[in-house]
Amino acid sequence: MAPSSESGREKLAKEQPLVLVLGGGNALGSYLAGACEHLLQQGIEPQWIVGGSIGAVMGAIIAGNAPEDRLPRLKAFWDEAMIRSPGLLGRGTKTRHTYNELHTITTLLFGRPGLFGHRFPGALSMLPWMPDDIALYDHTPLRQTLERLVDFDRLNRSDIRLTVGCVDLESGDEVLFDTTRDRLTPEHFLASTAITPIFPPVEIGGQLLCDPGYTNNLPLDVPFAEPMNQDFTCIAVELFSLHASRPASLHSTAERANDLIFASPTRRTLKALEREYALRDKWEPDGPTATLLHLAYYAGSDERAGKTFDYSPSSIRDRWGAGKRDMKKSLALLDDAPRTRHRFRYLALDPRQEAVSAELGASAPRA
């Protein structure tokens, strides 16, 4: 198949189908919002969004709103989610660790209005005289937020296909809901964000469903499982990185363990895709090609073990800025990377670039 003279970004903005895969990570999700902001500002619209957990919520806001309302609604979600504390701190300051930890503790003590709050008995169920419970927090407040920020009628008839990933808590099987065959409601997103045992699972159609984070936090395999009729590009945005500097404290060791749990399935998916496409190259070398653009949030040096519950203004804005910056650099790879004759092309930022971007944080203001 002869390479086209058209640039990668021009193809994304025109005829080549684009799939956007968004991973989970709770408060880290403002990185997704920053990445989506750059796509929206470039006039690049995905034809299909696949998401799990907070990635599914970001996908719902994009697919469930008119183009001119998408970015304002993304900003509204995160402006409401962040804790309203005074002042902003840059990365690398001596007090930033304490600042992040205090905001994490505040979230765990009081929840986040519009996202989740305490349930009864919740954590008290661990006491011997209290009744049993299956979760610590109640995340039904998220339903009202979704109903306010997402037009579900539009979402279900949108030109943007949306797939939401969950896991059956009893069988461990992955469960996918898709606007091409299902009518999505707020309950589907509550199920996808129900990371156990923090939030309670949600029953839909007789299945008890929860967040897919522990099994497939970045549902990258979903678009590649569909039959290929033409060339396509997949942009996958992950909130946990397999790369990090050596841990130097118990906090950083715990953070590293958390990252490995959530990011490792992506590595296995990538290895499987490489094997599959090696066979495709051998048996059908002139078939449709797939380009995978992969970016991951490389946690800044001030992130702590409880970062997924850190809704501090500084952290939300830093992650947003890093996501926007990384998406801009990643799209440039489509133009700069050498053309190959293989049917699968994998492009990813150097982790050192992502680390620098994370440290810059919100130094470039949100537009």
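Reader: Let's take helix packing. At what angle do H3 and H4 pack, and how far apart are their axes?

Author: The general idea first: two packed helices are described by the angle between their axes and the distance between the axes. Here, in what is a predicted model, H3 and H4 pack at about 140 degrees, with axes 9 Å apart. Angles over 145 degrees would count as roughly antiparallel, and H3 and H4 are therefore oblique to each other.

Reader: Which residues of H3 and H4 meet?

Author: From H3 you have Ile54, Val57, Met58, Ile61 and Ile62, and they meet Arg70, Arg73, Leu74, Phe77 and Trp78 of H4. Sorted by class, that contact of H3 with H4 has eight nonpolar residues, two charged ones and no polar ones.

Reader: On to another helix. Which residues of H6 are buried?

Author: H6 covers residues 141–149, and its buried residues are Leu142, Thr145, Leu146 and Leu149. Look down the axis of H6 and those buried residues fall within an arc of 100 degrees, so they line one face of the helix.

Reader: What do the buried residues of H6 pack against?

Author: Four helices: H3 and H4 again, plus H7 (152–157) and H8 (186–192).

Reader: Now strands. Which way do the side chains of S1 point?

Author: In a regular strand the side chains alternate between the two faces of the sheet. In S1, Leu18, Leu20 and Leu22 point one way, while Val19 and Val21 point the other way. S1 is mostly covered, with five of its five residues buried.

Reader: Which strands pair with S1, and in what sense, parallel or antiparallel?

Author: S9 (residues 232–238) pairs with S1 in the parallel sense over five bridges. S2 (residues 48–52) also runs parallel to S1, joined to it by four bridges. To find your place on screen, go to Leu20, whose bridge partner in S9 is Ile235, then to Val19, which stands opposite Trp48 in S2.

Reader: What about phi of Asn26 and Ser53?

Author: Asn26 has phi near 55 degrees, a positive value in a residue other than glycine. Ser53 also isn't a glycine, and its phi is positive at about 60 degrees. Asn26 belongs to the loop between S1 and H2 (30–41), and Ser53 to the loop between S2 and H3.

Reader: Asn26 and Ser53: buried or exposed?

Author: The cut-off for buried is under 20% relative accessible area. At 19%, Asn26 counts as buried, and Ser53 is buried with 8%. For contrast, take Ala123, in the loop between S3 (117–118) and S4 (137–138): at 42% relative accessibility, Ala123 counts as partly exposed.

Reader: Last one: what is Thr291 in contact with, leaving aside its neighbours within four places in sequence?

Author: Thr291 is part of S10 (residues 290–296) and counts as buried at 8% relative accessibility. With those neighbours set aside, the contacts of Thr291 are Phe232, Thr233, Cys234, Leu334, Arg345 and Leu347.

Definitions and conventions. Residues numbered from 1 in each chain as written. Predicted model: local features only at pLDDT ≥ 70, side-chain atom pairs only at ≥ 80, totals over all residues. Heavy atoms only, no water. Buried < 20%, exposed > 50% of the residue type's maximum accessible area, 1.4 Å probe, protein only. Helix = DSSP H or I, 4+ residues; strand = E, 2+ residues; numbered from the N terminus. Arc of directions from axis to C-beta. Contact = heavy atoms within 4.5 Å. Axes fitted to C-alpha atoms, helices over the stretch in contact; angles between N-to-C directions. Parallel < 35°, antiparallel > 145°, perpendicular 65-115°, else oblique. Nonpolar A, V, L, I, M, F, W, Y, C, P; charged D, E, K, R; others polar. Pairing = 2+ DSSP bridges.
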